[in-house]
Amino acid sequence: MTIRMATCQELAEDRKSIDQLMNIIPSWRRAPHLFPYSYPKAREKATTALFTLLFKFVKLRRQAPEPSTDAIDLLIGQGHEDQSVAGDSLCRVTTTSVIFSWILLRLASNPQWKHKAIEDYKTLLSHHGDLPSELPLHKRLAVIPLGAWEDQLPSVELVLKETLRLTSAGSIIRRNVQHDITVDRVVVKRGDFLTYQVADAHLNPEIYSNPLEFDPERFVKGRVEDRKQAFAFIGWGAGRHPCVGMRMAKLEIKLLLALVLLGYEYGVVDGSGSFPKDLPLPDKNDNNQARGPYFLSLRRVME
């Protein structure tokens, strides 16, 4: 689903390329991520392989006689260069599952919010899934309109936002690949790197009370802690150019979460199968990884 919505039909239907992509992504995630001053060879190799694969399909769509409505064509139509389109596709293909995995860990270690999320989905099914209960879960979920997934899961939305706040607390690094620009009277030359420490906003105690605590209620009406300061929450970017794939990513995460929360009883365990003494925390050197390892125990409860 991610590949079809984030790239193009040609890649989504190319089984060989899909298999190649699925083989590269685990290596990309496992490698430590310290950039640009100490970029490990394993990460560099995996990133190059991912970019090269996606770039091939960007060139293919650029040369197509007629544009399509696929994401790559839309970005090309907006004037983006091939390198930019391939880089944007890489970001969207590789990050959604990371956020989803962290939500599973957060809910497994916060039973009250796990219960609230499950109740959200049960309510959603009761309002829209008027199909026989003996049907497989995925068929019952398939009749729910897209607007309901966006607007009728209040607790899930809070959990997603709070997970992003805690997980996305590393450094955002961008490079000026165009002409020199002036920002706040400082000249950023072509080729310069800029970095922003997201924790300065997401873990700022002047904005978020007890910032290291998982507390989705901080975003409910009446508290809305992220309104204390402009751009206090930048999990999806901010300003004129927020994440172009935000709505798609949120939809995917909510769909996957529905299949797990309604289809399984699950919990987080350590290597011995017991509840871990220390709850999962992001590795500040690489927010894709948890200090662990941690595992999920699963028991099917609904087909």
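This is a predicted model: local features need pLDDT of at least 70, side-chain atom pairs count only at pLDDT 80 or more; totals for chains, interfaces and linings use all residues.
Biologist: How do you know that the span of helix H10 agrees with its 14 residues?

Modeller: Helices are DSSP runs of H or I with at least four residues, strands are runs of E with at least two, and both are numbered from the N terminus. The expected span of a helix is 1.5 Å times one less than its number of residues. For H10, residues 154-167, that should give 20 Å, and the end C-alpha atoms are 20 Å apart, so the two agree.

Biologist: Why is H10 called largely enclosed by the rest of the structure?

Modeller: Buried means under 20% relative accessible area, exposed means over 50%, and partly exposed lies in between (1.4 Å probe, protein chains only). Eleven of the 14 residues of H10 are buried, so the helix is largely enclosed. Among them are Val 156, Leu 160, Glu 162 and Arg 165.

Biologist: What makes Glu 162 buried, and what does Glu 162 touch?

Modeller: Glu 162 is in helix H10. Its relative accessible area is 0%, so Glu 162 is buried. With contact taken as heavy atoms within 4.5 Å, and not counting residues up to four places away in sequence, Glu 162 touches Glu 213, Phe 214, Asp 215, Pro 216, Arg 218 and Phe 219.

Biologist: Which residues are linked with Glu 162 in a network of salt bridges?

Modeller: A salt bridge is a side-chain nitrogen of Lys or Arg within 4 Å of a carboxyl oxygen of Asp or Glu. Such bridges link Glu 162 with Arg 165, Asp 215, Arg 218, Arg 223 and Glu 225 in a network.

Biologist: How many salt bridges does the rule give?

Modeller: The count is 19. In one of them, Lys 59 and Asp 82 meet at 3.6 Å, N to O. Lys 59 is in helix H4 (residues 41-62) and Asp 82 in helix H6 (residues 82-108), so the pair ties together parts that are 23 residues apart in sequence. Lys 59, with a relative accessible area of 34%, is partly exposed, and Asp 82, at 10%, counts as buried.

Biologist: What makes Glu 157 and Lys 254 a salt bridge?

Modeller: Their closest N and O atoms are 2.6 Å apart. The pair links distant parts of the chain, 97 residues apart, with Glu 157 in helix H10 and Lys 254 in helix H12. Glu 157 is partly exposed at 25%, while Lys 254 is buried at 2%.

Biologist: Why is the aromatic pair of Tyr 121 and Trp 149 called tilted?

Modeller: Rings of Phe, Tyr and Trp (its six-membered ring) pair if their centres lie within 6.5 Å; planes under 30 degrees apart count as stacked, over 60 as edge-to-face and the rest as tilted. The structure holds four aromatic pairs. In this one the centres are 6.3 Å apart with 55 degrees between the planes, which makes the pair tilted. Tyr 121 lies in helix H7 (residues 111-128) and Trp 149 in helix H9 (residues 146-151), so parts 28 residues apart in sequence are tied together. Tyr 121 is buried, with a relative accessible area of 0%, and Trp 149 is buried, with 2%.

Biologist: What makes the pair of Phe 219 and Phe 233 edge-to-face?

Modeller: The ring centres are 6.0 Å apart and the planes are at 75 degrees, so the pair is edge-to-face. Both Phe 219 and Phe 233 are buried. Ring pairs also link these two with Tyr 208 into a cluster.

Biologist: How many disulfides are found in the whole structure?

Modeller: A disulfide is a pair of cysteine sulfur atoms within 2.5 Å, and the search finds zero. Cys 8 counts as buried at 0% relative accessibility, and Cys 243 counts as partly exposed at 30%.

How values were computed
Residues are numbered from 1 along each chain as its sequence is written. Side-chain values use heavy atoms; hydrogens and water are left out.
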